[in-house]
Amino acid sequence: MFGNSFFENLHGGFSGNSSSNRKPDNKLYNILGIERDATPIQIKKAYRNLARKWHPDKNINNREEANKKFKSISKAYEILSDKKKKDIYDKYGEEAVNQMGDNNMGHDPFDIFNSVFGGMRRNNRPKSVEPIVVNIKITLEDVYNGCVKNIKIPKKKVINSNGIEDYSGINKCDKCDGRGICNYIMQIGPGMIQQRQGKCEKCRGFGYKLSKNFKEIKFTENITVKIPKGSENDDKIVIEGKGNYDHLNEENGDVVLIINLEENQKFMREQQNLFYTKEISVFDSLVGISFIIDFINNEKLKVDINEIITNETIKCIKDYGLPLKNNPNIKGSLILKFKIIYPKKINDKQKEILKKVFIKKKENNNDYDISVNVTDYHTYEEREQRGGDENVECVHQ
Ligand SMILES: [Zn+2]
């Protein structure tokens, strides 16, 4: 009658002596997407990838979900990156770690993030290699369908006299200890000094020097990258570990791709909606029109409008916009606008027919003081652009 639950309650949720029988708790490993035998470097890498992806500042549209994920990623990393906590977790599970009574438990997820990414690196660790930034052009069709792009990455590496990639000939600058920046003290007045940080003068900010017989060469690496549906102009895609080798941190830097969306001749994008302007005749505007749109997914859309269309008419075709970035199953709308093209002139016979069709509203045309001349209107700027019309020329003569 005193079964497992009694025992568990007594021990506050975990049973210390049943470690050999209990199923291994993989939850924290699953959160970071790693195996139980992951090395500390792999654990850190997994955390870096996920924490970057789910940082709440980067997920403005789904902040709530991102907050939750960011918290659980941080907690998993906090435990698995600490050898003592990891040992207890591996043996007894998460509850046991929570009950360690460790004052250092439950750090703010943002503090953990800053210690891995920002703060520590800036102060104690050598400067990380700059990411390689590459602009990629994509079309509206790419945004609609998603796509895979082959991209040439301009890279650098150090080779030895045999032409083999080799970083043993790099010597850390002794003045700045490889950081590329130094503290300089300046006298700014009698008994007054100011400390200033600046580029190391000895290595010109590189942090290292090459030995004889070693040289840095440029080369190109091809990588394939998936562009997600719904991508927007200026979106950044970070590809970790594909950048230049960082000999100080002994890891590869990142590649940052910046999306440049090319303009489309037919469709104009506004967030997830597309705008399409159809030119129609006066006749079409009065009797309605049927036309076909070659859509970006290669479908031909037949549109029938059986009503009077003006320049202000706006119609909407639902679900024929662009997919949402975070939920590609949802699409925006295709919004139709119209531009009525008027004839340059009509003749008297046509006028007579139109008079018969449209009942002309009688205007009071008899009560006036003077009948004035009407000419085309051009602004001053327009006249300048046209090289001056008669009026302007008159002034110069
Ligand atoms: Zn230096």
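Guide: Two strands pair if DSSP finds at least two bridges between them, and a strand here is a DSSP run of type E with at least two residues, just as a helix is a run of H or I with at least four, both being numbered from the N terminus. This is a predicted model, in which local features need pLDDT of at least 70 and side-chain atom pairs count only at pLDDT 80 or more, while totals for chains, interfaces and linings use all residues. Residues are numbered from 1 along each chain as its sequence is written.

Visitor: What makes β1 and β11 a pair?

Guide: Strand β1 and strand β11 (residues 255-261) are joined by seven bridges in the parallel sense, and since pairing asks for at least two, they therefore count as a pair.

Visitor: Why are β1 and β8 said to stand at the edges?

Guide: The open sheet has three strands in the order β1-β11-β8, with mixed pairing. Because β1 (132-138) and β8 (236-239) each have a single partner strand, one side of each is left without a neighbour in the sheet. From one strand to the next, the twist averages 25°.

Visitor: Which residues of helix α5 are called buried, and what puts them on the same side?

Guide: In α5 (residues 83-92), the buried residues are Lys85, Ile88 and Tyr89, so each must have 20 or more other C-beta atoms, placed from the backbone, within 10 Å of its own. They cover an arc of only 100° around the axis, judged by the directions from the helix axis to the C-beta atoms, and therefore lie on the same side of α5. The face turned away from that buried side carries Lys83 and Asp87, which are exposed, a word for 12 or fewer such atoms, with partly exposed in between.

Visitor: What covers the buried residues of α5?

Guide: The cover includes α2 (27-32), α4 (63-80) and α6 (94-98), where contact means C-beta atoms within 7 Å.

Visitor: Which residues bring α4 and α7 together, and what is the make-up of their contact by class?

Guide: Phe70, Lys71, Ser74, Tyr77 and Glu78 in α4 meet Pro109, Ile112 and Phe113 in α7.

Technical notes
Two residues are in contact if their C-beta atoms, placed from the backbone, lie within 7 Å. Axes are lines fitted to C-alpha atoms, for helices over the stretch in contact, and angles run from 0 to 180 degrees between N-to-C directions.
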